[in-house]
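I set out here what I looked up in this structure, in the order of the entries.

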Amino acid sequence: MERVRRLCLALPEARETVAWGHPVFKAGSKTFAAIEPVKGRPSIAFRLDPVDFDLLLQRHPFFVTPYGRGLWVSAWADATLDWRLIGNLIERSYRVVALKRMLHALDNG
């Protein structure tokens, strides 16, 4: 989970807080990622565009996050993970919720 934390907090103005009893990562006031237990297993949740959402659900270890009205996808954190993909998903998730100045900092930083 430390690796997820480092990836999230490396993004401009990202911060960690606790919500619903687990760590969440925010860009401004909006959450873009979470580390949380689901059915007793550790998972990482991402806020994604619908296209990414549909594609990921066809792959293991991804599943529909139990909340979020079909806008969140999770990955089992205790599975073998493709860290390049996880990093890409964290950035995509951030881009969904980040303010324009944050995106400018990310793209020109």
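This is a predicted model: local features need pLDDT of at least 70, side-chain atom pairs count only at pLDDT 80 or more; totals for chains, interfaces and linings use all residues.

At what angle do helix H1 and helix H3 pack, and how far apart are their axes? Residues are numbered from 1 along each chain as its sequence is written, and side-chain values use heavy atoms, with hydrogens and water left out.

**Entry 1, H1 and H3.** I find that H1 (residues 2-9) and H3 (residues 83-97) pack at about 40 degrees, with their axes 10 Å apart. Axes are lines fitted to C-alpha atoms over the stretch in contact, and angles run from 0 to 180 degrees between N-to-C directions. Helices (H or I, at least four residues) and strands (E, at least two) are DSSP runs, numbered from the N terminus. The two helices are therefore oblique to each other, the class left after under 35 degrees (roughly parallel), over 145 (roughly antiparallel) and 65 to 115 (roughly perpendicular). I record the contact (heavy atoms within 4.5 Å) as Arg-3, Val-4, Leu-7 and Cys-8 of H1 with Trp-83, Gly-87 and Ile-90 of H3. By class, this contact has five nonpolar, one polar and one charged residues; Ala, Val, Leu, Ile, Met, Phe, Trp, Tyr, Cys and Pro count as nonpolar, Asp, Glu, Lys and Arg as charged, and the others, Gly among them, as polar.

I read an angle of about 145 degrees between H3 and helix H4 (residues 100-108), with axes 9 Å apart. Glu-91, Tyr-94 and Arg-95 of H3 meet Met-102, Leu-103, Leu-106 and Asp-107 of H4. I count four nonpolar, no polar and three charged residues in this contact.

**Entry 3, pocket lining.** Which strand gives the most to the lining of the largest pocket? I find that S3 does, with three residues. Strand S2 (22-27) and strand S3 (30-38) are the elements that give two or more residues. By class, I list six nonpolar, three polar and three charged residues in the lining.

I note a cis peptide bond between His-60 and Pro-61, with omega of about 15 degrees. Pro-61 is in the loop between helix H2 (50-56) and strand S5 (62-64). Glu-13, a residue other than glycine, has a positive phi, near 60 degrees. I place Glu-13 in the loop between H1 and strand S1 (14-19).
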